[in-house]
Amino acid sequence: MDNKTLAWVSYLFTPIGFLISYFSYNGQEKNSLVSYHLRQSFGLFLASVAYGIVTFLISFILGMISIDLAITVGYILNLVSLVFLVLMIIGILNANKGEEKPLPLIGKMFEGKFNFIP
């Protein structure tokens, strides 16, 4: 796979695409575009997992108080989780254009992080 393809594949089905890109890229000459988008997609994955854990805890606690409240808040939190899908699409579009732009909202937090990614 070429570098641009590796960059956008890293966002697909976040953990699976990341692993495919990471292991395909590991044997190649290093490229800043691929490294940048591997780090951004890994950060997106971590943020979505953290959001899922927080959402579960909130729903669990509210479920002990009132099941109706838990269901209502759960629907809202699930709608908000669509933001991660939108961020994934934005990352794919940026990688496909060959741009090293951070993801909106969360991308700046991950710049310069995850140095284990070559």
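Leaving aside neighbours within four places in sequence, Arg39 is in contact (heavy atoms within 4.5 Å) with Phe110, Lys113, Phe114, Asn115, Ile117 and Pro118. The model is a predicted one, in which local features need pLDDT of at least 70 and side-chain atom pairs count only at pLDDT 80 or more, whereas totals for chains, interfaces and linings use all residues. Residues are numbered from 1 along each chain as its sequence is written, and side-chain values use heavy atoms, with hydrogens and water left out.

Arg39 belongs to helix α3, which spans residues 32-65; helices here are DSSP runs of H or I with at least four residues, strands are runs of E with at least two, and both are numbered from the N terminus. Although Arg39 is buried, it has no salt bridge, and the nearest side chain of opposite charge, that of Glu100, is 8.1 Å away. In these terms, buried denotes under 20% relative accessible area, exposed over 50% and partly exposed the range in between, with a 1.4 Å probe and protein chains only, while a salt bridge requires a side-chain nitrogen of Lys or Arg within 4 Å of a carboxyl oxygen of Asp or Glu. Lys and Arg count as positive and Asp and Glu as negative, with His and the chain ends not counted. The side chain of Arg39 does, however, reach the backbone oxygen of Phe114 at 3.2 Å, and Phe114 is also among the residues in contact with Arg39.

Apart from neighbours within four places in sequence, Thr14 is in contact with Ser41, Phe45 and Met88. The C-alpha atoms of Thr14 and Leu85 are 10.0 Å apart in space, although 71 residues separate the two in sequence.

For the protein chain as a whole, 6 helices and 0 strands are assigned, and the C-alpha atoms fill a box of roughly 55 × 25 × 20 Å along the principal axes. Of the 118 residues, 36% are buried, and among contacts with a separation of 6 or more, 68% are between residues 24 or more positions apart.

The mean pLDDT, the predictor's confidence in each residue on a scale from 0 to 100, is 87 for the protein chain, with 98% of residues at 70 or more.

Methods: A polar contact is a pair of N or O atoms within 3.5 Å; within protein, one must be able to donate a hydrogen and the other to accept it, and residues adjacent in sequence count only if both atoms are side-chain atoms.
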